[in-house]
There are 2 protein chains.
Amino acid sequence: MQLSIIKIGGNIIDDEARLSAFLDNFAAVPGKKILVHGGGKLATKVAEGLGIQQQMIDGRRITDAETLKIVTMVYAGTINKNIVAQLQARGCAALGLTGADGNAILSHKRTNANIDYGYVGDVDQVNSSLLTSLLLLDKTLIFAPITHDGKGQLLNTNADTIAQELARGLSSSFEVNLIYSFEKSGVLLNAEDDNSVIGRIDPVYYEELKASKAIFAGMIPKLDNAFAALRSGVKKVIIGRAEELPQLLTGSSGTTITT
Amino acid sequence: MQLSIIKIGGNIIDDEARLSAFLDNFAAVPGKKILVHGGGKLATKVAEGLGIQQQMIDGRRITDAETLKIVTMVYAGTINKNIVAQLQARGCAALGLTGADGNAILSHKRTNANIDYGYVGDVDQVNSSLLTSLLLLDKTLIFAPITHDGKGQLLNTNADTIAQELARGLSSSFEVNLIYSFEKSGVLLNAEDDNSVIGRIDPVYYEELKASKAIFAGMIPKLDNAFAALRSGVKKVIIGRAEELPQLLTGSSGTTITT
């Protein structure tokens, strides 16, 4: 049975009209599906409103105790429940979750000798039996990027990582397509030219692209993660624009990464 | 099969030590269970922090668009997810929901000729088939008092009402005990004397108590609701202190309302 796991970025979440158009497309995706969202900009806005300083190191948010409260509110509250309600209005049986709900995703607090990221979780385990049961009840699962450590602590967790771990964890029960939407049309041969999308990358071609330095540096961790997902049983990874979701799923837009 | 539906009040939610002690007791309740929570004080605090004025009429919060955002954040985000994580740490397979999730509770925006309550929902329907499936998967459901209208609108909804509607909706599948916890030890014969708890009230005794004006006015709507719940199939309604949850369930504390 097919399962589409789709991660949307902040550029869609933060724009009401684009989110609404995306949800039209998402509701129309056939079969089992999971949506993973972030929501960093709204979290920053609420933190500013409450006078809580946000500390960023290398573009990453440091999640102190106050910031964890904010991201829990905004991701699991505002954004998750609004997406769920809007999908319900589109006839999509959405059900919102964090990793704490039903022990769906267990993680541990990141330890780093150099930087204290605060209450940030690295994923240990996905409870695929619960998620499979919910998917078989025909629920569409909407994940906020919050996990827990099983000892009562919520943890802020990267949404890309959550999508990837869900894809890996569910790949023994489903044929998983993992779709990462971002602000470009796909993996580009020329970073300046949005029309230079590479339609398909397999491991051999990937080595060639890396050797010729044709792909820009920021894409390498994304693609490394994509190939790691494929090695752990995910069927396809697709990278492209959220606005082109139907085309991404048919392979007529974006970049499909396969073994 | 027995199902306990327990509503806790803000006096427990707002006090970390009391909440923790309550969750120890709740996690130990045998069998299927649902917890319904509010969280008004924290919502007021966050609204104040963000400079959003709260309007109250006759002790009821008017839920304008900004206030709806706050209660969604606080109830479905902060409070719900922290309770879920803390129950998981106690070995209780908690899963948090609003009425929007899985279309669990459908409501409509309240219309009142005299007062515009704003985005407040009156419940129309409980999706008992989803909730039964989740309970049969051995999940303990934690409800935040937010519902939706099926057209994309979230609605702030009274937590007592949610508990009662869940009890009614699930009474055809389960033997439901509905427990309302509040700040007194039960229904009192003498409102000034916390030791004057009436252990058991049936419809005949209720008429006597009303006729003799023995019970104070504030209890009458609560008791009317309790009897309405019993008439729609709920097995028992129990009113008492959250701190005495184990004793409430065995009938050695609080007031049990039966037919």
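**Entry 1. Helix pair across the two chains**

I began with helix H4 (residues 65–89) of chain A and helix H4 (residues 65–89) of chain B, which pack at an angle of about 115° with their axes 7 Å apart. The axes are lines fitted to C-alpha atoms, for helices over the stretch in contact, and angles run from 0 to 180 degrees between N-to-C directions. Helices (H or I, at least four residues) and strands (E, at least two) are DSSP runs, numbered from the N terminus. I noted that H4(A) passes H4(B) in a right-handed crossing; a crossing is right-handed if the near helix is turned clockwise from the far one by less than a right angle, and left-handed if anticlockwise.

I then listed the residues that make the contact: on H4(A) they include A:Lys69, A:Met73, A:Gly77 and A:Lys81, and on H4(B) they include B:Lys69, B:Met73, B:Gly77 and B:Lys81. Two residues are in contact if their C-beta atoms, placed from the backbone, lie within 7 Å. The residues of this contact divide into 6 nonpolar, 6 polar and 4 charged. Here Ala, Val, Leu, Ile, Met, Phe, Trp, Tyr, Cys and Pro count as nonpolar, Asp, Glu, Lys and Arg as charged, and the others, Gly among them, as polar.

**Entry 2. Basis of the model**

I record that this is a predicted model, in which local features need pLDDT of at least 70, side-chain atom pairs count only at pLDDT 80 or more, and totals for chains, interfaces and linings use all residues. Residues are numbered from 1 along each chain as its sequence is written, while chains are lettered from A and ligands numbered from 1 in the order in which they are written.

**Entry 3. Chain A against chain B**

I found 34 residues of chain A in contact with 34 residues of chain B. On the chain A side, H4, E5 and strand E9 (146–148) each give two or more residues, and H4(A) gives the most, with 14 residues. That side divides into 13 nonpolar, 16 polar and 5 charged residues.

**Entry 4. Domains of chain A**

The domain assignment, automatic or from a database, gives domain 1 (2–182) and domain 2 (184–259) in chain A. Their centres, taken over C-alpha atoms, are separated by 22 Å. I found 21 residues of domain 1 in contact with 19 residues of domain 2. E11(A) supplies the largest share of the domain 1 side, 8 residues. By class, that side has 12 nonpolar, 7 polar and 2 charged residues.

**Entry 5. Helix H5 of chain A**

In H5 (residues 128–136) I found A:Leu130, A:Leu131, A:Leu134 and A:Leu135 buried. A residue is buried if 20 or more other C-beta atoms lie within 10 Å of its own, exposed if 12 or fewer, and partly exposed in between, with C-beta atoms placed from the backbone. Seen down the axis of H5(A), the buried residues fall within an arc of 130°, so they line one face of the helix; the arc is that of the directions from the helix axis to the C-beta atoms. On the other side, A:Ser129 and A:Leu136 are exposed. The cover over the buried residues includes strand E1 (2–8) and helix H6 (159–170) of chain A.

**Entry 6. Positive phi**

A:Asn103, not a glycine, has a positive phi of about 55°. A:Asn103 is in the loop between E5 and strand E6 (105–109) of chain A and is buried, with 21 other C-beta atoms within 10 Å. A:Lys213 also has a positive phi, near 55°, but is exposed, with 8 other C-beta atoms within 10 Å.
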